[in-house]
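Open your viewer and get your selection tool ready.

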Amino acid sequence: MKNLIVFYSLEGDTKLIASTISEKINADILELKPKKKYHDSGFKKYFWGGRSVIFKEKPELQDYNINLENYENIFIGTPIWVGTYAPPYNTFLKKENISNKNIYLFACHGGGGADKFYKNIKEIIPNNEFKGEIDFNEPLKESRSDILDQIDNWLKMVYFNN
Ligand SMILES: Cc1cc2nc3c(=O)[nH]c(=O)nc-3n(C[C@H](O)[C@H](O)[C@H](O)COP(=O)(O)O)c2cc1C
């Protein structure tokens, strides 16, 4: 059973979760990298990132050499931007045809919005089994062992019991 962890991360939170999951299960990792990086500090970060969500931009992504056909389980991780997934997923989900997979969703946020992300993504790639969801409030600010425990418990519930 092959696992793929896909994630986008601007400031490292979602990357931390992706790499922690990958320490627990055997998985390939695909980091979505826009060719033109988003601003990652100050007002510009929220302005340009927020604008990109509102205008449903599809930022060009760096090439990657991963064929989703080869995977049965796909973990999808994003920071919450303006209450939903970040725009690199507009590009990714348009390009890839994701169906008949087991999907696990994870998100990082500054207070909320994960539920809308779960709902939106289920509408965009409906023909899949959605097996689990987990979200974190800026985990880089939390203790590493708490995060590990949460991920351990989650994987036990949604992944290892299947
Ligand atoms: C453009 C932008 C919009 C954001 N919108 C939200 C939001 O709607 N709700 C929220 O709780 N956090 C929001 N955040 C905060 C991020 O989701 C949060 O800091 C997250 O942990 C960042 O993950 P990353 O380090 O993987 O990029 C936003 C951040 C940015 C840059």
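A polar contact here is a pair of N or O atoms within 3.5 Å; within protein, one must be able to donate a hydrogen and the other to accept it, and residues adjacent in sequence count only if both atoms are side-chain atoms. You are looking at a predicted model, in which local features need pLDDT of at least 70 and side-chain atom pairs count only at pLDDT 80 or more, while totals for chains, interfaces and linings use all residues. Residues are numbered from 1 along each chain as its sequence is written, and side-chain values use heavy atoms, with hydrogens and water left out.

Stop 1: Select Glu-11: a polar atom of its backbone is 2.9 Å from an oxygen atom of the ligand. Next, pick Gly-110, where a polar backbone atom is also 2.9 Å from a ligand oxygen. Then show the side chain of Glu-138, which places a polar atom 2.6 Å from an oxygen of the ligand. The protein buries 89% of the 650 Å² that the ligand exposes when taken alone (accessible areas by the Shrake-Rupley method with a 1.4 Å probe).

**Stop 2: the space itself.** Hide the ligand: the space it takes is the largest pocket (more than half of its atoms lie within 2 Å of the pocket's grid points). Among its 18 lining residues, Glu-11, Tyr-46, Pro-79, Ile-80 and Trp-81 lie nearest the centre. Finish by colouring α1 (13–24), α2 (42–54) and β4 (102–109), the elements that each give two or more residues to this lining.

Conventions. On a 1 Å grid over the protein atoms alone, a cavity is a set of points where a 1.4 Å probe fits but cannot get out, and a pocket is an open set with protein on both sides within 12 Å along at least five of seven lines; lining residues have an atom within 4 Å of a point. Helices (H or I, at least four residues) and strands (E, at least two) are DSSP runs, numbered from the N terminus.
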